[in-house]
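Welcome! Take a moment to look over the sequence and the model, and then let us walk through them together.

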Amino acid sequence: MPRFAANLTLMFTEVPFLDRFAEAAAAGFEAVEFLFPYDHPPEAIGERLTAHGLTQALFNLPPGDWAAGERGLAALPERFEELKGGVETALGYARATGVKRLHMMAGMADRNDPEARDSYRRAVAWTAERLSTEGLDLVLEPINARNMPGYFLNDFGYAADVIRDLGLPNLKLQFDLYHCQILHGDVTMRLRALMPMVGHVQTASVPERHEPGSGEMNDAFLFAELDRLGYDGFIGCEYNPRAGTREGLGWFAPYKGART
């Protein structure tokens with residue numbers, strides 16, 4: 001039975017961020033993820049996790065100036081030193097939360113630009129090797145151009161090629177079912193082909209990014225397929241609730257408490 005992590009950036013936004021941990025636990029989630037923790041002290045987040053018996057499944061490395069439209073630094077050659085500093089910041093939060101994997105955003109750059117490609121590979125290799133010293137995985141997530149036009153990493157095949165070429169044991173693919181369906185379709189076959197390198201999975205309905213089961217994909221079939229393929233990690237619920245988080249959790253009822 002799959003295990004789910006509530007994404008606290010998008011879910012339970014009816015309450016302030018640090019109160020969302022209690023809401024997720026009360027709703028039956030055993031894990032959480034979010035985009036960025038950096039507006040709050042690492043100790044405060046670690047305390048919420050412990051208090052509510054939650055596992056931290058994932059969060060992102062610093063993305064640059066998010067408010068100004070930056071979406072990562074890896075493909076930006078002039079920002080490499082800043083990226084390295086961001087990794088050290090994230091590691092402080094990793095230690096406080098016990099998270100086992102971090103996602104690095106690629107940045108807004110043209111994938112046909114050889115300097116951007118070289119910068120990306122250098123950043124990925126350096127970061128994966130740095131995280132390996134802390135026992136952590138680095139995950140890479142392709143993101144569709146409808147949600148994030150101009151994003152460098154917008155192809156599952158390219159991401160898989162980078163992971164294979166670098167051959168680093170802690171470098172994995174973040175497989176978002178929503179992004180895969182929009183980018184390529186044929187989600188089940190891609191899951192089957194890429195599962196050996198998958199380090200984290202996320203979900204949302206297509207096309208509107210709401211609750212699983214409310215769009216064009218057979219989400220329950222995909223969750224069962226993940227079980228069949230032996231995926232034992234968390235599935236991050238990175239969706240926008242249609243009309244209140246708790247009101248939309250009917251899809252979650254069959255899975256709640258499955259591992260407890």
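**Charges, fold and one alanine**

Let us start with charge: the protein carries 25 positive and 36 negative side chains, and the centres of these two sets are 4 Å apart. Here Lys and Arg count as positive and Asp and Glu as negative, while His and the chain ends are not counted; each charge is placed at NZ of Lys, CZ of Arg, CG of Asp or CD of Glu.

A word on the background: this is a predicted model, in which local features need pLDDT of at least 70 and side-chain atom pairs count only at pLDDT 80 or more, while totals for chains, interfaces and linings use all residues. Residues are numbered from 1 along each chain as its sequence is written, and side-chain values use heavy atoms, leaving out hydrogens and water.

Now for the fold. The protein has 8 helices and 8 strands, taken as DSSP runs (H or I, at least four residues, for helices; E, at least two, for strands) numbered from the N terminus. Its C-alpha trace spans about 45 × 40 × 35 Å along the principal axes. Of the 260 residues, 54% are buried, meaning under 20% relative accessible area, with exposed over 50% and partly exposed in between (1.4 Å probe, protein chains only).

Finally, zoom in on alanine 159, found in helix H5 (residues 156-166). Alanine 159 counts as buried because its relative accessibility is 1%. Beyond its neighbours within four places in sequence, alanine 159 is in contact with Pro142, Leu153 and Leu173, where contact means heavy atoms within 4.5 Å.
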